[in-house]
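Me: I am new to this structure and would like to learn how to read it. Please take me through it one feature at a time.

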Amino acid sequence: MAFFKSLFQAKAPAPPRLRSGMRVEVLDSDGALLFPGRLRVLEDGILEVRADEGTYPASPVYDQPVKLRGSREDGGTFTVSGNVIASGLRVWRIEKWKPIPPPPNQRDAFRQNTGVEGRLRTPTGQVISCKVQDVSAVGAQVTTSKLFQLETFLHLEVTLLTSEAPFSLNCQVKRVQVQSKPGSFSKKYVYGCQFSDVPPREQERLLRAIFTLERNTYRYREGTL
């Protein structure tokens, strides 16, 4: 195999700026989903999460450690830890929160495996079929038989959830990996693509889809789906 390395070095993510109205997921200390909801930032460093309509999480134990995961303004994801101090029918309040730094080898955002079919559109209008191997809020890894150069601008069209409209995303090639089988002249190319100019609402919809795919994967592994 031959590899073309990225031309840029990833920067360490800035601490998350928490704000009221952000969509987050509440996880247990092991990272399993408890419930999704909306964040409200209160005084004295208290965070309040209101569960989505129709969602009624179980009552927590006082001082129970939890994690909150959401989307940063740059499109990446963040995770903070804290302890539950109060709860209501659909509301949990959390204090003593602090950011959890990502692992040193983690890519710029959490990526969810997908393996779905998609399409790439070139600047000249050519449409090429591809497989979307994984996706995050900031990029995707796609495989196709067409060779593109680093920094090439493309347009990715993919359906992540059959219940939702497809995504149509501008992206740029940042990594290229060549795959070939022994004794075969055919090659495939794996691209690490970075999204660009994604509207905030579409970025939030993308993150919701990624979290839904992750929940479905978790439920399948647990035998509850």
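Me: How many helices and strands are there in the protein?

Reply: Helices (H or I, at least four residues) and strands (E, at least two) are DSSP runs, numbered from the N terminus. The protein has 1 helix and 13 strands, and from the N terminus on they run β-β-β-β-β-β-β-β-β-β-β-β-β-α. This is a predicted model, in which local features need pLDDT of at least 70 and side-chain atom pairs count only at pLDDT 80 or more, while totals for chains, interfaces and linings use all residues. Residues are numbered from 1 along each chain as its sequence is written, and side-chain values use heavy atoms, with hydrogens and water left out.

Me: What share of the residues is buried?

Reply: Buried means under 20% relative accessible area, exposed means over 50%, and partly exposed is in between (1.4 Å probe, protein chains only). Of the 225 residues in the protein, 41% are buried.

Me: Which residues of the largest nonpolar core touch the most other members?

Reply: A nonpolar core is a set of buried Ala, Val, Leu, Ile, Met, Phe, Trp, Tyr and Cys residues joined through side-chain atoms within 4.5 Å. The largest one has 28 residues, and those that touch the most other members are Val 142, Leu 156, Leu 160, Tyr 191 and Phe 195. At least two residues of this core come from each of E9, E10, strand E11 (153–158), strand E12 (167–180), strand E13 (187–195) and helix H1 (200–222). E12 gives the most, with 6 residues. Another core lies apart from it, with 16 residues, including Val 24, Val 49, Ala 51 and Ile 94.

Me: What does Phe 195 touch?

Reply: Contact means heavy atoms within 4.5 Å. Not counting residues up to four places away in sequence, the residues that Phe 195 touches include Val 135, Ser 136, Leu 156, Leu 169, Cys 171 and Leu 206. For the protein as a whole, 51% of the contacts with a separation of 6 or more are between residues 24 or more positions apart.

Me: Ser 136 is in that list. Where is Ser 136 placed, and is Ser 136 buried or exposed?

Reply: Ser 136 is in the loop between strand E9 (127–135) and strand E10 (139–144). Its relative accessibility is 0%, so Ser 136 counts as buried. A polar contact is a pair of N or O atoms within 3.5 Å; within protein, one must be able to donate a hydrogen and the other to accept it, and residues adjacent in sequence count only if both atoms are side-chain atoms. Here the side chain of Ser 136 reaches the backbone nitrogen of Val 138 at 3.1 Å.

Me: How many aromatic pairs does the structure hold?

Reply: Rings of Phe, Tyr and Trp (its six-membered ring) pair if their centres lie within 6.5 Å; planes under 30 degrees apart count as stacked, over 60 as edge-to-face and the rest as tilted. There are 3 aromatic pairs in the structure. In one of them, Phe 148 and Tyr 191 have ring centres 5.5 Å apart and planes at 55°, so the pair is tilted. This pair links distant parts of the chain, since Phe 148 is in the loop between E10 and E11 and Tyr 191 is in strand E13, 43 residues apart. Phe 148 is buried at 7% relative accessibility, and Tyr 191 is buried at 0%. Together with Tyr 189, Phe 148 and Tyr 191 form one aromatic cluster.

Me: What is the phi of Asp 63?

Reply: Most residues other than glycine have a negative phi. Phi of Asp 63 is near 70°, a positive value. Asp 63 is in the loop between strand E4 (47–51) and strand E5 (65–71) and is partly exposed, with a relative accessible area of 33%. Not counting residues up to four places away in sequence, Asp 63 touches Asn 83, Val 84 and Lys 96. Asp 197 also has a positive phi, near 55°. Asp 197 is in the loop between E13 and H1, and is exposed at a relative accessible area of 71%.
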